[in-house]
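User: Hi! Could you walk me through this structure?

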Amino acid sequence: MTKTVLIADDEPNILISLEYLMKREGYRVLLAHDGQEACDLIASEHPDMVLLDVMMPKKTGFEVCHAIRADETFKAMPILLLTAKGRDTDVAKGLAMGANDYMIKPFSTKELAQKVRELLESAE
Amino acid sequence: MVAPALVVGVTLAYLLILFAVAYFGDKRAEAGRSVIASPWVYALSMAVYCTAWTYFGSVGRAANAGVWFLPIYLGPMLAMILAWLVVRKMIRIAKTYRITSIADFVASRYGKSPLLAGLVTLITVVGIVPYMALQLKAIASGYAVLTLPLGQSMATPADWWADGVLYMALALAGFTIVFGTRHLDSSERHEGMVAAIAFESVVKLLAFLLVGAFVTYGMFGGMGDIFSQALAQDNLKHLLAFDQGQPFAYSQWFTLTLLAMLSVVFLPRQFQVMVVENVDERHLRRAVWVFPLYLLLINIFVLPIALGGLLYFGVDTVDPETFVLSLPLAQGYNWLALVAFVGGVSAATGMVVVEAIAVSTMVCNDLVMPLLLRTRRFGERSGGDLTGLLLGIRRTAIVLILLLGYVYFHLAGNTYALVSIGLISFAAVAQFAPAVLGGMYWKGGTRNGALAGLLAGFVLWTYTLMLPSLAKSGWVSANFLEYGPLGIAWLKPEAFLGLEGMDNLSHALFWSLFANISAYVWVSLWQRPAAREASQALLFVDVFQRTSVAHPVFWQGQAKVTDLLHLTGRFLGEAKTERLFADYAQQVGVYDIGQIPADAKLVHFVETQLTGAIGSASARVMVASVVEEEALELDDVMRILEEASELRVALEKLKSLDHLKDDFMSSVTHELRTPLTSIRALTEMMQDDPEMELEQRQQFLGIVVAETERLSRLVNQVLDMAKIEAGHAEWHNSDVDMREIVQQAVNSVAGTCRERGIALQTELPPQLAPLRADADRLVQVVLNLLSNAIKFVPEGSGKIDVRVRDSAAGVTVEVQDNGIGIAPDKHAQVFEKFRQVENAAGSQQGTGLGLPISRQIVEHFGGRMWLASQAGRGACFSFFLPR
């Protein structure tokens, strides 16, 4: 069955590139331009995993993470954080908020694809 | 019964082990690999609080009064948990000013007063001697229990030289001397001793737990069994109740807890291990829970042992204070009794060693030195090396203190229970609390106030507690207890001013602390402090502010480096002094001792070093004798303080700038990573996928080009911003016509507006007097506002109005759009660096620096920029430039 991946980022060009990458990997892709949209899409579409930018308008990636984990339905959904800060405190905060892993921007597309694969497999 | 030779042999062997630990600790410290640099060792060394009194006395007290042994341990637990911030401040003060005893702490705070130092020392000696006696008594009676048949007590030999306790006291003195006074140090730290104390704490705890477990689980069927058996006996069950059959004595419980809280900080040995020997303030965090836990552990079996003893022997047959030994003996477990005895000796030795070292430092620095320095030979400028003399004084003091303890033991020891002796000492050191705590938190406390308070407290302590205890020992007639001196009833020591209905300890503590605090506060309020008191008050109370940045030096006058060098050498030894001065030279940035500037800072440095060796009061006198001082007035203190705080403000400003710079760098990095992410992802995918459709490839390449442009724009703007902020930007000023500027900017965006169907209108005055400014920069500002507006107006129906208004004061430019607008609470944010309000999709990506730079430019020409907008109603950015 085709897996669905939600990508949330406020940078349109990053969305374009990630959308292409994930489709090429054979996933169904949902796009969100801010934290609120991400939350809404998760609630309505139940994606299999989420790629989350940290610095987003309306709701930050951390807040989205927190909201996801607070909901019993999405306890096991893999979350991969995409952060442009890369400071240890940010990474630690993200993991504390319930993210499964993180990648620091700019990342290698191969590594990202690999991580997404692993997280989806481990969630089964 | 155990053979005396065995007991003596085992005890000596144990002391040798302790010594080996101390030796090892010292050697490691010399090699730079300190064993006491561990929070565990620090926390365990605090357990020197548990003396032979804990070991034997607690059980005795529990056997007489049940749970009433507890407050003595609850106090320290509470003190550590509630007041560790106080202790931390004490440590910081003591370290910063090289304070090595509680007497010096008080003296130093109140203007380095020799009189105060002497008084505190005197109170300590008088208060502590009974406590020393108690340790001797504990060892002596423990020895008797071990070596004599059960129930029989040792006859005191008629001749003092035949008394084994005397030799034990001397042996302990020797032990202390070797431990504590092998060399003279300006920080007065004894690493080996601390290691030995920590070791000793473990031994006494294990020994006590072993006996406790033996009694509880070996002789009885566990705690529950002991308690239920005790409850079944009429003469024992009251021990398990708080009220003991009478109304619960809150005041007494409170008094005991308070007393123990104060003594865990103010007892000389506690001050020594907790403050003086502390190597790292952070260790306190561990001690805050480890030490209370230790106290809890050592108290777990107190009540079971006491009740077990009473159940086993019956009430009033065997002295409960010896249960720890007599219970194993009665069961035939002689080895266990011996282990318990070693634990008791361990507790006593630890206490005696640390207390004697602490008190001898005080006696030497605060009692003997000030007197010696007044005499002809020592006060002179050209005296010889005094380090040997200092050590000699301390060693003599140690022997004398222990001998005094022996004398007290010999005369009074047999008539008084261990616990009561200890509480008298506790009440004596509690008198330091107002002066010390007041001194740490209240700048208004003065020397005379502290003197008055200590004297009043000490006199009342003597009268209401010490004298009655002596009377009860039969030394003085007890008549005055019954009827008051000369028959005056309201002067009765145990019902002073007619205050009755309290136990004598609560009564004494109430009156002595009441008089102490009142005298301290009233006298302090009554007089203005002298300059030196005021300066010391500042240094103590604000120690954290002072030590975090440069601290002020309250001294003025002339000095010579050679004089100061020579003076330091006399007290610390030549070699050590050379080293200290060489380090100092490096610190102030000169190559040679001879080049050190003889300024206030050097004088302060020398005085601090000497303080460690001879106490602050004596150090003050000695330094004053070799330099020419100008008297310090209160105004000088304020002036010096102001200079120092100006320096501090400057430093803090630098720090916050540094912080801002860090934030800026982190934001720039973030902004650079974002376009790089798209560029990397897209190019990688194109590289991996040579079959990619041409159209797709073209779209991606377009994005790459746009993101690259964004990157270079960002780099340019960051450089621009940095230049403007640092004041390095170049400004090409000329007479500019604002109409031309606006027209130029409007022309360059006109094409884009047409493409997107945006109506762009300009409203310019017919003529305008020129302004003096940089034309290119102003075009940049207007262009910025315009491209912002273009981003936010709706495509197809967008509308942008640019208006220029003239007035006598200057020119105002407005850029009004019909976009989504900005809520008023976000207005301040838009001018912050890297704050972007949401972008309309597909537009040129902003850098988050445009508005901040524009504002900087406008402000450079003395103008200002602002925003008027509400969410949903469009935005109007305006700026004003003065003529």
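This is a predicted model: local features need pLDDT of at least 70, side-chain atom pairs count only at pLDDT 80 or more; totals for chains, interfaces and linings use all residues.

User: Great. How many helices and strands does chain A have?
Analyst: Chain A has 5 helices and 5 strands. Those are DSSP runs numbered from the N terminus, with helices being H or I of at least four residues and strands E of at least two. Starting at the N terminus, the order in chain A is β-α-β-α-β-α-β-α-β-α.

User: And in what order do the strands sit in the sheet?
Analyst: The 5 strands of chain A form an open sheet in the order β2-β1-β3-β4-β5, with parallel pairing. β2 and β5 (101-104) of chain A are the edge strands, each pairing on one side only. The twist from one strand to the next averages 20°. Two strands count as paired if DSSP finds at least two bridges between them.

User: Where do α2 and α3 of chain A go?
Analyst: Helix α2 (residues 35-45) of chain A lies across β1, β2 and β3 of chain A, at about 165° to β1(A). Helix α3 (residues 61-70) of chain A packs on the sheet too, touching β1, β3 and β4 of chain A, and its direction makes about 150° with that of β3(A). Angles run from 0 to 180 degrees between N-to-C directions, using axes fitted to C-alpha atoms, for helices over the stretch in contact.

User: Switching topic: how many residues of chain A are in contact with chain B?
Analyst: 16 residues of chain A are in contact with 17 residues of chain B; contact means C-beta atoms, placed from the backbone, within 7 Å. Helix α1 (residues 12-24) of chain A gives the most to that side of chain A, with 8 residues.

User: What about helix packing inside chain B?
Analyst: Helix α3 (residues 52-65) and helix α16 (residues 334-374) of chain B pack at about 125°, their axes 6 Å apart. That makes α3(B) oblique to α16(B), as angles under 35 degrees count as roughly parallel, over 145 as roughly antiparallel, 65 to 115 as roughly perpendicular and the rest as oblique. The α3(B) residues in this contact are B:A52, B:T54, B:Y55 and B:F56, facing B:G343, B:G344, B:A347 and B:A348 of α16(B).

User: Last one: what does B:L297 touch?
Analyst: Leaving out residues up to four places away in sequence, B:L297 touches B:L205 and B:L209. B:L297 is in helix α13 (residues 283-300) of chain B.

User: Is B:L297 buried, exposed or partly exposed?
Analyst: B:L297 is partly exposed, with 15 other C-beta atoms within 10 Å. A count of 20 or more within 10 Å would be buried, 12 or fewer exposed, and in between partly exposed, with C-beta atoms placed from the backbone.

Notes:
Residues are numbered from 1 along each chain as its sequence is written. Chains are lettered from A and ligands numbered from 1 in the order in which they are written. Two residues are in contact if their C-beta atoms, placed from the backbone, lie within 7 Å.
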